[in-house]
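Colleague: Could you take me through this model? I would like to begin with strand pairing.

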Amino acid sequence: MFIEPSVNRKNTPFQKGQIEVICGSMFSGKTEELIRRLNRAKIARQKVEIFKPSVDKRYHEEDVVSHNDTSIRSTPVNFAEDILLLSGNCDVVGIDEVQFFDEQIVSVAQKLANQGKRVILAGLDMDFEGKPFGPMPKLMAVAEYVTKVHAICMKCGDLAAFSFRLSDSKQKVMLGEKDSYEARCRKCFYEDKR
Ligand SMILES: [Zn+2]
C-alpha cells in the first residue's frame, strides 16, 4: 500500500513537486489506486484535478471510471500540453490512461512537478504484445515513486502482469472492454500469444 510521504504540504514553504506512476496490466486496479490517492488528497484539502486523453471514450465523457464503478469527474484533453494550461492553481494532478499520450507527456509531468505539484499518472506499462507502452518507460524513469499493481491471471489464478488480447486485431489502440482482454501471468501470456 502506497503511503503518501507528505500529505499535507499546503501552506508550507517547502512545497516540492513529485511524480508518482501507477502501472500494471488491465484489470490490475490502476484506476482504483489513482482514485484512492486522489480522494485522500481531497481529504487533506488539496486541490485536485484529473485528466485523461480524449481517445478514451469507453465510458462517460467526463469521468475517470474504473471497472468497479468508483468514479471521479475528469477533463478529457487532446494533447498533453493542454494539461499545463488547465491545471492552473491545483495541488495534485491526476492523469489516467496515460499510455495513450505521446512523448510530450514526459516533459509536461516534469514541468508540473517542478512547479510544486504532485503528479499521479496511471497507465498500462505493456501493450497487448507485452512491449513497453508509449511514454510509460520514460515516465517511470523520471518518477519519484513507481507502484506496479497486479491482476489475477484469468487462466491459472496466479499473479498477472500481462494483458492478453483475445481478438486477432493488431491495432495498438484498442480500448479495454472486458470481453476483448484477459489478465495473464507470464507463462499463460506467452503460451497463447499469436
Ligand atoms: Zn497464468
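Colleague: How do strands β6 and β7 pair, and over how many bridges?

Modeller: Strand β6 (residues 92–95) pairs with strand β7 (residues 118–124) in the parallel sense, over four bridges. Pairing requires that DSSP finds at least two bridges between two strands. Strands (E, at least two residues) and helices (H or I, at least four) are DSSP runs numbered from the N terminus. This is a predicted model, in which local features need pLDDT of at least 70 and side-chain atom pairs count only at pLDDT 80 or more, while totals for chains, interfaces and linings use all residues. Residues are numbered from 1 along each chain as its sequence is written.

Colleague: Which residue of β7 is the bridge partner of Ile 95?

Modeller: The partner of Ile 95 is Leu 121.

Colleague: What is the order of strands in the open sheet?

Modeller: The six strands are ordered β5-β2-β6-β7-β1-β8, with parallel pairing. Strands β5 (75–77) and β8 (145–149) are the edges, each pairing on one side only. On average, neighbouring strands of the sheet are turned by 20° against each other, direction ignored.

Colleague: Which strands does helix α3 lie across?

Modeller: Helix α3 (residues 104–114) lies across β1, β6 and β7, and runs at about 155° to β7. Such angles run from 0 to 180 degrees between N-to-C directions, with axes fitted as lines to C-alpha atoms, for helices over the stretch in contact. Contact here means that the C-beta atoms of two residues, placed from the backbone, lie within 7 Å.

Colleague: Which residues of α3 are buried?

Modeller: They are Ile 105, Val 106, Val 108, Ala 109, Leu 112 and Ala 113. These residues lie on the same side of α3, because they cover an arc of only 165° around the axis, taken from the directions from the helix axis to the C-beta atoms. A residue counts as buried if 20 or more other C-beta atoms lie within 10 Å of its own, as exposed if 12 or fewer do, and as partly exposed in between.

Colleague: What do the buried residues of α3 pack against?

Modeller: They pack against β1, α2 (81–86), β6, β7 and α4 (136–142).

Colleague: Changing topic, which residues does the UniProt "binding site" annotation cover?

Modeller: The unreviewed UniProt entry lists Val 173, Met 174, Leu 175, Gly 176 and Tyr 181. Such annotations may be inferred rather than shown by experiment.

Colleague: Is Tyr 181 buried or exposed?

Modeller: Tyr 181 is buried, because 21 other C-beta atoms lie within 10 Å. Tyr 181 is found in strand β12 (residues 181–184).
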